[in-house]
Amino acid sequence: MLESQAVINKEGNMIELFNNGAYFINGKEIINDDTDAAAKLSKYGISVSKETGKEGTISHGILAAHNKNSDSRNLTLRFDSLTSHDITYVGIIQTARASGMDKFPMPYVLTNCHNSLCAVGGTINQDDHVFALSAAKKYGGVYVPPHLAVIHSYNREMMAGCGKMILGSDSHTRYGALGTMAVGEGGGELAKQLVGKTYDMPAPPIVGIYLDGELAKGVGPQDVALAIIGATFNNGYVKNKVMEFVGPGIAKLSIDFRNGIDVMTTETACWSSIWQTDVLVKNYLKERGRAEDYKELKPANAAYYDGFIKIDLSKIQPCIALPFHPSNVYTINELQKNAKDILAKTEEENKGTGLNLNLGIKYRNGGVWAEQAIIAGCSGGIFENIMAAADIMKGASIGSGNFTMSVYPESQPTFLELVKNGAAQTFMKAGVLVREAFCGPCFGAGDTPANNELSVRHVTRNFMNREGSKPNDGQISSVALMDARSIAATAINGGKITAATELNVKYGKYKFFFDKSIYDKRVYNGTGKPQNETELVFGPNIKDWPKMPALPENLLLKVVSFITDPVTTTDELIPSGETSSYRSNPLKLAEFTLSRKDPGYVKRAKDALVMNDDQLNKIIENVKKVNGCSGFTKNDFGIGSVIFARKPGDGSAREQAASCQRVLGASANLALEYATKRYRSNLINWGILPFIITDESAFNLDSFIFFPGIKTAIQEKRETITGFVLGDTVKELTASLGILTDAERQILIDGCLINYYAK
């Protein structure tokens, strides 16, 4: 038995997480990194060090090929292409313009799959699309019109290739199943690439994901993905690491299936993913006219991984992720057996939200019932998922009651196949709506359930209120994640949650015929052909970034939000859904900051910057109590706001989660840890100090914290920084900024990325 910690879901041992790293030998043998490792390796005639073994991973080869310096421990990466959608690309292009960009130096794909309904806000969503087309022409980019494809589907079909790296301003930028190491980051990192700079970070640890066995009929990619997320998110096993998929089980998974698992790796909090490639990847690329983008990727005969996960696919069962996180995973069988207890436990876990999550009413007549079902986007709207759901629903009906169902194919080429092979007709005759390529069901733009309803969805996330409900108005609905197959089984069962493995269904084998002419006729591809004379088209809602102040030598911070939830998502920092239309207007969007989590935040943040003389004089008297500050006046320090959250930044890569704080005068965040690298990077790029502390009891809401000499401390690369909580007595607060590159230090000192490049 390999030394590992077994992850057991009460139905059986599905996944093993190794306590140590592991050597992977000849593509099949796993040797745990323990005291006997050298002896075990010698049996194979192999003598390899950890460092040499790490060079044998697929990941190392790709990272080395894109690293622009000779230091393999500290990477400076240039990507092969970039991609953004219509919630993020305006801000990125505006940032890059302000930083000196005159053309796109690499292929940059601008898709329109988030704000594509143009249903709210007047013309402003379509104004963004017109802006993007003008930018693609002016700077030499790729423009994908609304409803043609969701962002990740287009990049899989037209941009991914073996050994490539793609950087996207969407957290689910994952094309590892096609041999592409893809990374989802905030817009600042894309802006750096657009002005010729690099993506800088310490080399990430690599975790091997060994797949073996074969899945049971009715088990889908979302089931595998949820099982992995449930086993790794809460313990941080793969956080900020690369997940490298290897093993004989891969050959038994189709490309669609692999893509469906891969796109969900984001929810483990990993940095990126990569898979070994084979003839199926070769055929996928060839069928899309890109045979030259294939090459075989596999580990060396002796590769070393910093962690290792072993998955027996035959043990995976249909899963469900209950509100409000993809890691809140149970098997459907387990939910059916223990519904009352599990639903009560989920309610109890969310009591601290202040919402009455009444999931108990979903249990009746011996089952758990949902009122809505959706299969959509880059995870659910994949061809094979939809075809499997259609096989289940042949000749059935969802009925004329309150239960509804919609299917959103991932792209027009996929939609065309559903029309040609009759699947669209199957759904429509069953009462299911078949709709355009759209990411809305994943982030709350449309399909919002009624109050107290439960929606089962094959999408990427089920965060609180992400489906569009508004807690400040007393609304609460929720989403559970499931695979398309079990969603279809639930639909034909009237909304009673049902595992697809409970049905005896004959699943067909369907050939996908990719019609590239759909893209050829509508996509503007100006890569490498900038038209400098083209004028950018600015709608009335598209505004420049406001000026940001540089970091002062001494900084006074007022705590204007104090959040004690275990994790704070980016959706809570800046809500998705109805706010999306204002993403091109920094000042308007900032008004929504923390509006669902802490409705008083915006006013408190503004008030912190406009203290009257009496308030300021009282603060100055307290500042003078700090050693070395007895002669300070109001001219000796700057003032900003700060929020505290225990673990902020889980979820989306969109930079607005940080930029909105900055627009409102935030100078810092205080946290016990940051949920993702991308959120911390967003803070840095917007000039917000990403403080890490250990004692949250040292201050509270409305406390003032003074950091004398903060600018000098950053310049001198101090590991710890001392702040002072002001009051009748002065208390020390020890903080750190974590690992920073020299460029990141200067960005913080200059006040933001735009200021840094302006210098």
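Me: What makes Leu 82 and Leu 194 contacts of Tyr 108 in this predicted model?

Reply: A contact requires heavy atoms within 4.5 Å. Leaving aside residues up to four places away in sequence, Tyr 108 touches Leu 82, Thr 83, Ser 84, Tyr 89, Ile 92, Ile 93, Gly 141, Val 142, Leu 190 and Leu 194. Leu 82 and Leu 194 therefore count as contacts of Tyr 108.

Me: Which residues touch the most other members of the largest nonpolar core?

Reply: They are Tyr 108, Tyr 154, Trp 271 and Met 405, in a core of 150 residues. The element that gives the most to this core is helix H14 (residues 383-393), with seven residues. Another core, of 29 residues, lies apart from it and includes Ile 574, Val 663, Ala 671 and Leu 683.

Me: Why is Cys 660 called buried?

Reply: Buried means under 20% relative accessible area. Cys 660 has 2% relative accessibility, so the term applies. Cys 752 has 1% and is therefore buried by that criterion.

Me: What makes strands E33 and E34 a pair?

Reply: Pairing requires at least two bridges between two strands. E33 (residues 704-707) and E34 (residues 721-726) have three bridges, in the antiparallel sense, and therefore qualify. Phe 706 stands opposite Phe 724 in E34. Helix H23 (residues 613-623) packs on the sheet and touches E33, E34, strand E27 (555-563) and strand E29 (638-645). The direction of H23 makes about 130° with that of E34.

Me: In what order do the seven strands close into a barrel?

Reply: The order is E27-E29-E31-E32-E35-E34-E33, and the pairing is mixed. Neighbouring strands of this sheet are turned by 35° against each other on average, direction ignored.

Me: Why should some predicted coordinates not be read in detail?

Reply: Such caution applies where pLDDT is low. Residues 1-11 have pLDDT under 50, and the model has 35 contacts for them beyond four places in sequence. The chain averages a pLDDT of 92, and 97% of the residues score at least 70.

Note on methods. Residues numbered from 1 in each chain as written. Predicted model: local features only at pLDDT ≥ 70, side-chain atom pairs only at ≥ 80, totals over all residues. Heavy atoms only, no water. pLDDT = per-residue confidence, 0-100. Helix = DSSP H or I, 4+ residues; strand = E, 2+ residues; numbered from the N terminus. Axes fitted to C-alpha atoms, helices over the stretch in contact; angles between N-to-C directions. Buried < 20%, exposed > 50% of the residue type's maximum accessible area, 1.4 Å probe, protein only. Core = buried A, V, L, I, M, F, W, Y, C linked by side-chain atoms within 4.5 Å.
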